Amino acid sequence: MKSSWLFALFFLSMAQGEAAELVISAASSLTDSLNVLKGIYQSRHPDETIFFNFGASGSLEKQIEEGAPVDLFVSASVTEMEALQRRQLILEGSRNDLLSNEIVLIVPRSNHASIQGFSDLWKAHRLVMGDPGFVPAGQYAKEVLKFQGLFGLLEDRLVYGDNVRQVLEYVARGEVDAGLVFSTDALIMKDRVRIVTAAPKGSHEPILYPVAILRLSTHPQEAREFLNFISGPEGREVFSRFGFRIVGGHRVNPTEGDKHENQRAEQTGR
């Protein structure tokens with residue numbers, strides 16, 4: 001678990017004395033959209049470098065709790081963000097619910113098991129979803145299966161992925177009969193997987209992607225500027241293009257608490 005943030009720490013050490021480098025930990029489902037936004041942003045801020053650490057939100061949360069040098073965190077559920085907030089690890093006033101998503105049932109293009117909906121999942125020999133212990137998409141998927149009364153029936157046939165992109169790959173390669181992922185992930189591989197149906201309304205907790213600056217960020221001002229960019233009109237347009245639903249987007253302004261943290265960071269040399 002520590003390897004990803006140690007890798008980030010290596011990059012930070014290489015950048016000491018040079019331009020600011022932002023380390024952003026973000027849910028795997030944001031990989032494509034955030035990489036597009038990174039390209040736009042860095043073309044306008046050539047003096048800044050953005051390093052992404054993508055992974056399961058629960059794993060990223062644990063890395064931050066263990067001291068990973070992260071400036072900005074974007075989670076695929078509120079659970080991880082609230083855990084960090086309880087530990088006073090996020091910068092006061094910087095949290096914002098940014099996006100929403102939906103859970104869909106997908107099958108390989110071949111669909112040998114002839115699965116047309118949740119009622120056909122009894123046919124599946126193997127069903128893949130994210131590990132509900134630390135992958136938000138997996139937790140939502142488990143809630144959906146319980147809502148449908150299918151979790152007990154399928155529990156012995158479940159395959160757990162380390163993140164939602166791994167789940168997607170299992171389905172795309174035809175290694176399983178079906179899978180449960182975010183709709184945005186399914187859309188990026190629509191030539192290899194097919195969406196059968198979406199999870200019924202009310203079958204899982206609301207899906208939200210909260211974002212916040214970390215209290216011990218070494219570049220809080222730059223992190224705030226990038227956060228305002230992805231929360232603004234251009235960010236919303238890119239996220240919408242990748243299938244996300246916009247629920248936030250307000251500008252993050254410094255609060256007295258933020259100013260206090262920034263001053264303390266300067267005084268301690270963070």
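View A. D120 sits in the loop between β5 (103-108) and β6 (127-130); helices (H or I, at least four residues) and strands (E, at least two) are DSSP runs, numbered from the N terminus. Beyond its neighbours within four places in sequence, D120 is in contact with S114 and I115 (contact: heavy atoms within 4.5 Å). This is a predicted model, where local features need pLDDT of at least 70, side-chain atom pairs count only at pLDDT 80 or more, and totals for chains, interfaces and linings use all residues. Residues are numbered from 1 along each chain as its sequence is written, and side-chain values use heavy atoms, with hydrogens and water left out.

**View B. Helix α2 and its buried face.** Buried here are T31, S33, L34, L37 and Y41. Looking down the axis of α2, these buried residues fall within an arc of 155°, so they line one face of the helix (the arc is that of the directions from the helix axis to the C-beta atoms). Their cover includes β1 (21-27), β2 (49-55), α7 (164-172), α9 (220-231) and α10 (233-241).

**View C. The second largest cavity, with α2 and α8 in its lining.** A cavity is a set of points on a 1 Å grid over the protein atoms alone where a 1.4 Å probe fits but cannot get out; a pocket is an open set with protein on both sides within 12 Å along at least five of seven lines, and lining residues have an atom within 4 Å of a point. This cavity has a volume of about 30 Å³, the space filled by probe spheres set on the points, which are joined across faces, edges and corners. Among its lining residues are S29, D32, S33 and R165. Helix α8 (183-188) gives the most, with 3 residues.

**View D. The second largest pocket.** About 310 Å³ of space lies here. Of 18 lining residues, S77, T79, E80, P136 and Q139 lie nearest the centre. α5 (136-147) supplies the largest share, 4 residues.

Definitions and conventions: Buried < 20%, exposed > 50% of the residue type's maximum accessible area, 1.4 Å probe, protein only.
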